[in-house]
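Work through the exercises below with the sequence and the model side by side, and try each task before you read its solution.

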Amino acid sequence: MRQPFVLLIAILLFTFIPIGTALVRAQNPPALAPADAPYKNAKLPVENRVADLLSRMTLEEKVTMLSGSGWMESAPNARLGIPAIKMADGPMGVRSWAGSSAVTNAANNPVKVLTTSFPAGIAMAASWDTDLVQREGKAIGQEVKALGRDMILGPTVNINRVPLWGRNFEGYGEDPYLSSQLGVAYIRGVQSENVIPSVKHFAVNNEEFERHRIDVKIDERTLHEIYLPAFRAAVQQGDVWNVMSAYNKVNGVHCAESEYLLNDVLKKEFGFKGFVISDWGSTYSTAPTVNAGMDLEMPGGPPMQAWLARPATQAAGNSDGWLVPEKVLADVRAGKISETSIDDNVGRILRVIFLSGLFELPHTALGEVDTPAQQALARTAATEGIVLLKNTGALLPLDPAKVKSIAVIGPNAAVARTGGGGSSLVRPKYAVTPLEGIQKRAGSGIRVTSALGVGMDGEDPAKDTAEERLKALREAADAASKADAAVVVVGRYFKNEGEGFDVKTMDLPAGQDELIAAVEKANPQTIVVLNTGNPVTMTKWIESTPALVDMWYGGQEGGSALASILFGDTSPSGKLPVSMPKRLEDSPAAKNYPGQDLVVHYAEGIYVGYRYYDTKNVEPQFPFGFGLSYTTFEYSTLKVNPGSVSGDQPVEVSLQVRNMGKRAGAEVVQLYVHDGHSKIDRPTRELKGFGRVELKPGETKTVQMKLDRAAFSYWSPESKTWVAEPGTFEIQVGASSRDIRLRAPVELVR
Ligand code: BGC
């Protein structure tokens, strides 16, 4: 009996219950629960178990669960056997870094954890492959468990509103439907392993600029149509167990204390049954936060205190420690928080502990990370995400009969830029650089040379001098001139594209445009490869560039995936999950970014991405949904059934896709809905379905997609519901938002 009491005291002291209270409880502790207590019975319905466990908890024990016990752990309760929820950062793998999230395996401690680095969310999105993303989620779930953790802080489903957000690479691009489907797939994969995902950041977290203080002014329709759907789908389709609230304010209120966002929208409107976790250091009050439905404040305990004491943490605007037991108890006693509200908060955490099986089976570092299967998946994912944007004269795939030497050039050629910066950056055991990938694939029959061309601006100041730049540029031009083809890998890296800051300019970092021009001049057979998360300005070189490939941040297998595409082992099948504007000024949100006096107006409303470019006829550099292949596809036989629908009747859309070329390939077919009769302003088309098919040469397959009533609806702030106006809609099926190949009407009757 002694041991549990000692443990209990330790836990209480650790979680800041005033020493006096802890001593009183130690002298007169509540009894242990009997072995046959209903909450311990895994066969009983979860709700019964939650109710039983809550009924056995003291108020002090309940409030102790509202704040973390450490940097990445929730508070356990030894008396009742409630385990801590042990978290790890995601979403592109299991983050391993100095700090408690790296010390995940007692046997390994303090060895850093090295896990599989999957491609960035934006690259996963470019695959448009929900099955792939679900497999990624599952693999990540397995790695989380292998490290003895229970929860992965991902997926990120915030919308790419402006091409400068430092974290755009983490998310799934600009479209709410695509983001929804991929977010749900990730969640399903993670949860299939009984690991808790955290869909983040709720909500409207679309810039890093002053991320703790910025106030997003947004109208209800835009919120519902653009920024909330991925969260709604996570709840309603993915049955997600956890949501992370965002740092920013929305319409004057911090997300962690937004009654509107958390209680009204997430919990009541969407029907969310899991728990809400705060983003790290995003709470600013006690009663308003608890009452708004923010269930677990993170981080907590001594690591939180040490972190908050740092001037830089405070200067950034982080705030925390509001849900520690003494503060919550004081507000309960003062009548500012009801016990019913606490029961709801705690009940949600307990529900997920039961649902995930964590109560019965805490994860105990069983299993392996970075297995050959996980590596293979990372490679498939990186390959599927690559988008071929330009291929004049069929320069790609490289023809081994003609190309006997390749110069691989650029600041991102000989170093693996696996992801953007911040909490999502995973440390893998190995990472294949573009140069290594090409060298390996080229084998002994092709000579591969390399040159830096230009240093990544700011990475090594010694390389940034005018003299060094000139020298590197000359070497690159020389290498290119002596090769049959040149591959220039340009882009950014984790220090100029990442969490905590926005990208300064849409232009490539200093010297890279000049490098492309110089290499192209030296060798007309030049392939430019983009290795970034965000679109970049290409106007200085795109006209004369024969071939352009976007590899995004491809994770640890990015280099091998690139080689597989360049040599034609795989035909590219990625399509852009984000429009690429010609100039930043063309971007609909550019005028309203980053805001003034800490307020940013989302004045462009629902006109985000292609909704803007296509409706307002602004030509992007490359449109949403665009991507070339080494083969061509013919679309035919569009069928919409039934042609007239009422109520909740679904619409089945099918078409045939045929591979017209001589190579196997995959095509991503997109279904847009056009509302030509609306009383209100609507975008010219909106993505409401997609399908990816793999086709052998000459093969034809049928692609089927289903539309429900929501696909025809807009959000009405007046009635606070989705409204589908009866009338004729047009189903548009295409290979990008600007390449509509087939059209058919569908009639919506009441
Ligand atoms: C990020 C979250 C992350 C958390 C924990 C925050 O700064 O915004 O995405 O999960 O830190 O590392």
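**Exercise 1. Find which residues K575 touches, leaving out residues up to four places away in sequence.**

Step 1: counting as contact any heavy atoms within 4.5 Å, K575 touches A126, W128, V387, G625, F626, G627, Y635, E667, V668, Q670 and A735.
Step 2: K575 itself lies in the loop between α20 (558-566) and β16 (599-601), where helices (H or I, at least four residues) and strands (E, at least two) are DSSP runs numbered from the N terminus.
Step 3: with a relative accessible area of 2%, K575 is buried, a word that stands for under 20% relative accessible area with a 1.4 Å probe and protein chains only.

The model is predicted, so local features need pLDDT of at least 70 and side-chain atom pairs count only at pLDDT 80 or more, while totals for chains, interfaces and linings use all residues. Residues are numbered from 1 along each chain as its sequence is written, and side-chain values use heavy atoms, with hydrogens and water left out.

**Exercise 2. Describe where G420 is found and what is in contact with G420.**

Step 1: G420 is found in the loop between β11 (405-409) and α17 (434-442), and is buried at a relative accessible area of 0%.
Step 2: apart from neighbours within four places in sequence, its contacts are F169, L425, F494, E497 and Y553.
Step 3: although G420 and R167 are 253 residues apart along the chain, their C-alpha atoms are separated by 7.6 Å.

**Exercise 3. Identify the bridge partner of S644 in β26.**

Step 1: β18 and β26 (residues 739-749) pair in the parallel sense over three bridges, pairing being assigned if DSSP finds at least two bridges between two strands.
Step 2: the partner of S644 in β26 is E747.

Notes
Buried < 20%, exposed > 50% of the residue type's maximum accessible area, 1.4 Å probe, protein only.
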